[in-house]
Amino acid sequence: MLIAGGGNAAMCAAIMARHGGASVLVLEAAPKAFRGGNSRHTRNLRYMHEGEDGFLTGTYPEDEFYEDLLRVTGGDTNEELARYCIRQSQDAGEWMSAHGIKWQPSLRGTLQLSRTNAFFLGGGKALMNAYYDTAEKMGIRAEYDTEVRDLNIEDGVFRSAVVEHNGQTREVAAKAFIGASGGFEANVPWLKEYWGDAADNFIIRGTPYNKGRVLRELFDAGAKSAGRAKGFHAIALDGRAPKFDGGIVTRLDCVPFGVVLNKHAERFYDEGEDFWPKRYAIWGTLIAGQPEQEAYCIVDAKSIDMFLPSVFPPFEADSVRQLAAAMDLNPAKAEETVNAFNASVKAGTFDPTTLDDCATEGMDPPKSHWARVIDTPPFYGYPLRPGITFTYMGVAVNKQCQVLFNEDQPSPNIFAAGEMMSGNILGKGYLAGFGMTIGTVFGRIAGREAARAVV
Amino acid sequence: MPSSEHLKEADRVMTICNACRYCAGFCAVFPAMERRRTFDTKDLVYMSNLCFECRACYYACQYAPPHEFGVNVPQALSRLRADTYEDYAWPRVLKGFYKNNAFLVGLVTTVCIVLAFVLTLVFQGSTTLFSAHQGSGAFYAVVPYGAMVFPASVMFFYAIFALLAGFVSFWRRTRGSIADLIDVSAFARAVKEAFGLQYMKGGGDGCNYPDEKFSKSRMWHHHLVFYGFALDFAATTVAAFYHHFMHWDAPYPYLSVPVVFGTVGGVMMCIGTVGLLYLKSKSDLDPAEEKMLSLDKTFLWMLFLTSFTGLLLLVFRETAAMGTLLVIHLGVVAGLFLTIPYSKFAHAVYRYAALIQNAIEVREDESKIVLG
């Protein structure tokens with residue numbers, strides 16, 4: 001059995017396929033140091049549980065989980081598949097522990113999600129190390145720096161794949177194929193098909209290896225798609241983040257504590273609209289819609305310690321004018337915008353833990369909560385850019401993870417798992433730790449079903 | 001002051017870590033980091049001494065080399081920690097001892113052995129040195145009691161004093177008032193963590209040492225060295241008690257307390273030091289700091305030689321080789337104690353101070369409401 005990809009879904013599939021008696025070859029496009037796709041950057045997994053299981057507290061029943069999913073997707077999901085995914089996630093903690101995963105006991109200083117989300121000790125790379133170690137002990141072969149270039153598919157049946165390693169190509173025949181090689185967010189030309197030149201200014205938060213080549217091959221062979229092609233999950237990032245692979249440390253949650261200006265030093269959206277994670281999820285797309293995909297957040301000394309530190313130091317100045325100049329904004333215009341904002345702030349009781357009554361009056365766009373005058377030097381500024389986490393479009397699958405070809409025909413030996421098929425369930429929005437749920441649940445199903453097909 | 005380059009790098013790395021925080025569950029360094037938003041010299045020096053170089057964070061790091069952020073926490077903190085040993089060495093004039101540690105420790109030890117040999121030959125004569133002595137007081141027939149105990153006591157108390165001086169100036173610099181040190185609960189927590197090697201357990205499966213796989217072998221070997229050393233120390237103390245209060249002269253019978261403690265401790269130290277040296281020889285050099293590794297190896301060799309020559313002396317104490325072995329053993333012990341304040345032994349002193357500060361911070365933390 002051939003598995004394209006080397007992240008969470010791929011390794012869960014490999015392990016289950018091996019349990020099912022298949023001989024498994026995992027092809028990871030990245031070198032060993034960067035193995036694991038976007039799973040490297042994850043830190044937790046959300047799963048359903050009806051009682052304490054030693055990893056999570058309380059209960060997190062199917063209906064509540066599904067409600068949470070409905071809320072973020074606005075109904076853009078496949079209920080049957082989504083509920084199936086949720087139910088199948090039930091034993092995740094136990095299964096993962098049995099396959100070498102270690103958990104973080106309790107988490108301080110960040111979200112308390114210990115009822116719904118279990119945190120891996122050391123994060124996603126540690127998780128992937130543990131899976132690779134388990135896989136190696138089980139006799140699963142993994143080849144790094146090895147990319148699947150072409151798929152030889154006849155009428156929805158997989159025959160072989162052409163793979164490239166160190167510039168050498170070879171053909172690998174297998175009885176079944178599992179695609180678990182992620183979306184196409186690192187393929188800028190593909191993003192440009194929907195976003196035009198703006199895509200050049202996007203930052204890709206995760207692996208540079210998610211080029212979507214396998215996805216494209218499957219579409220070309222007639223696989224049905226699921227999820228919006230133009231859709232991606234994006235957040236506001238520090239604009240100085242590296243183009244790829246910056247992961248978690250470049251995200252910034254300063255927006256509600258200040259004002260956000262675009263390239264023309266104008267405000268463009270209500271910074272105080274809502275809490276994390278909703279604001280977290282919309283600001284990437286908002287900035288993507290601004291000129292040159294840039295924005296600048298300005299806070300003052302009152303607020304600088306109210307959000308998690310960024311990896312890059314903020315710009316700092318004694319006046320808004322100087323700060324704007326340092327960030328290449330029009331100083332006079334920036335000062336005018338901040339002054340107008342300050343003049344519109346009505347008195348209130350500031351409380352970042354509630355939707356407080358600090359708001360602007362007669363300002364368009366308004367700042368509906370947490371609005372405080374920006375008047376205490378030093379002033380701090382952060383450049384912002386949209387950072388893409390993942391793309392939504394993938395291949396359509398059934399409950400067995402079989403990829404659907406022309407007229408909804410499930411392929412007998414082509415399966416997909418993880419980000420490559422998450423669009424079936426997650427049409428838009430995001431629920432913390434749900435990508436790992438999808439990868440773990442459907443990775444295991446794909447591995448089990450594919451083993452049934454070949455053994 | 002630690003090297004500004006080392007400080008800068010540790011600051012850079014910790015700033016990245018503080019925006020990530022995935023490693024929070026591994027050890028005490030990361031919670032200590034989360035208590036701070038920026039890191040000044042005293043913070044970084046303190047945190048570097050909280051690090052037990054278990055390397056769990058290195059292999060778990062999404063930003064480890066070859067990532068362009070090149071985050072290498074164990075290496076950055078080891079560099080700073082090695083600077084600590086120099087910065088707090090007492091007296092200051094001897095801090096250079098850390099610069100060429102292996103050579104200087106070797107030199108001092110060799111001089112001690114040669115000196116012991118020459119003095120014994122001159123004052124006791126070759127017949128005494130090279131013939132067998134048996135029964136009570138046999139050792140003192142070769143090296144008189146006063147010649148053995150007086151220099152040893154001076155060196156021992158000198159070492160204790162020098163290490164304490166280092167401890168106090170480290171504490172002053174990283175935490176502040178000496179009054180803060182009178183903190184029973186923090187002391188107790190630090191003792192428990194130090195004696196149990198809490199931070200060599202990682203998430204429960206040990207360090208990523210010598211390679212990326214989890215293993216407790218480093219912890220167990222360290223335990224052998226530490227408790228072996230403690231047993232040998234206990235043996236010496238009991239022997240001193242026998243000598244002064246019971247008026248029994250060494251050598252003691254094979255089944256006496258000092259000999260049993262000394263033998264078991266010596267064997268433990270031999271196994272522990274050889275094991276650690278072996279693990280180090282196989283260890284992944286990417287997260288390592290060369291200078292620290294050299295300090296480690298030098299000190300491990302000294303401990304090995306001390307215990308091994310002690311065991312040899314025990315085995316051959318009834319033969320004509322006893323005199324030579326005794327002189328070599330005493331020379332090695334003298335070398336060990338003279339150089340202890342300028343060796344890797346210092347890690348115990350500063351780590352312990354860091355653990356006390358950590359215990360105080362943890363307690364302060366627990367009494368605060370942690371906002372989500």
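In the predicted model, chain B is divided into two domains. Domain 1 covers residues 4–86, and domain 2 covers residues 90–363. Their C-alpha centres lie 29 Å apart. The contact between them draws 27 residues from domain 1 of chain B and 25 residues from domain 2 of chain B.

On the domain 1 side of this contact, three helices of chain B each give two or more residues: α3 (41–50), α4 (56–60) and α5. Helix α5(B) gives the most, with nine residues. By class, the side of domain 1 of chain B that touches domain 2 has 15 nonpolar residues. Six polar and six charged residues make up the rest of that side.

Helix α5 of chain B spans residues 73–87 and has 15 residues. From its first C-alpha to its last, α5(B) reaches 21 Å. This is close to the 21 Å expected at 1.5 Å a residue. Of the 15 residues of α5(B), 14 are buried, so the helix is largely enclosed by the rest of the structure. A residue is counted as buried here if 20 or more other C-beta atoms lie within 10 Å of its own. The helix that is largely enclosed is thus also the one that gives the most residues to the domain 1 side of the contact with domain 2 in chain B.

Chain B also touches chain A. That contact takes 31 residues from chain A and 28 residues from chain B. On the chain A side, the residues divide into twelve nonpolar, eleven polar and eight charged.

Methods: Residues numbered from 1 in each chain as written. Chains lettered and ligands numbered in written order. Predicted model: local features only at pLDDT ≥ 70, side-chain atom pairs only at ≥ 80, totals over all residues. Contact = placed C-beta atoms within 7 Å. Nonpolar A, V, L, I, M, F, W, Y, C, P; charged D, E, K, R; others polar. Helix = DSSP H or I, 4+ residues; strand = E, 2+ residues; numbered from the N terminus. Expected span 1.5 Å × (residues − 1). Buried ≥ 20, exposed ≤ 12 C-beta atoms within 10 Å, placed from the backbone. Domains from an automatic or database assignment.
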